[in-house]
Amino acid sequence: PREAAIACFYQDCPVELARQAAEKLTPTPIGGMNLDWTIHKNPEIFESIPKLYIECLKDQSVLIEAQRLMQGYLSTATNNVQVVSMNTGHAPQLSDPDRLADILVKFLS
């Protein structure tokens, strides 16, 4: 339901924006969450690409403990990972777009 999606993904977003975003959600295939194929099939390519992990400290969907496990998984596969923390929920592009843009521009520059 929309209310559950708002509580889980958009709790720190403006109410109307959270409602609009929740209405657009669709199921995500579980296969899209598997990073193994990239790391193991092309380790040289994977290592050569700079990576940015933005951890969202108030995320109710992927708790910070799970995010840090994922960061650890990446760190064992590559040394080329930068981690930046944001004091947001799951959707910083909606709750703090200016800071997110600043982080991305700095990383890509």
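The model is predicted, with local features needing pLDDT of at least 70 and side-chain atom pairs counting only at pLDDT 80 or more, while totals for chains, interfaces and linings use all residues. Residues are numbered from 1 along each chain as its sequence is written, and side-chain values use heavy atoms, without hydrogens and water.

I then turned to the largest nonpolar core, whose seven residues are A5, Y10, C13, A18, A21, A22 and A91; such a core joins buried (under 20% relative accessible area, 1.4 Å probe, protein chains only) Ala, Val, Leu, Ile, Met, Phe, Trp, Tyr and Cys residues through side-chain atoms within 4.5 Å. Helix α2 (residues 15–23) gives the largest share of this core, three residues, helices being DSSP runs of H or I with at least four residues, numbered from the N terminus. A second, separate core has five residues, including V84, M86, L100 and I103.

For salt bridges (a side-chain nitrogen of Lys or Arg within 4 Å of a carboxyl oxygen of Asp or Glu) I noted a count of four. R2 pairs with E23 at 2.7 Å between the closest N and O atoms; because R2 lies in helix α1 (residues 2–9) and E23 in helix α2, this pair ties together parts 21 residues apart in sequence. Within helix α2, E16 and R19 lie three residues apart, about one turn, and their side chains meet in a salt bridge at 2.3 Å, N to O. I recorded R2, E16, R19 and E23 as linked in a network of salt bridges.

Key:
Buried < 20%, exposed > 50% of the residue type's maximum accessible area, 1.4 Å probe, protein only. Helix = DSSP H or I, 4+ residues; strand = E, 2+ residues; numbered from the N terminus.
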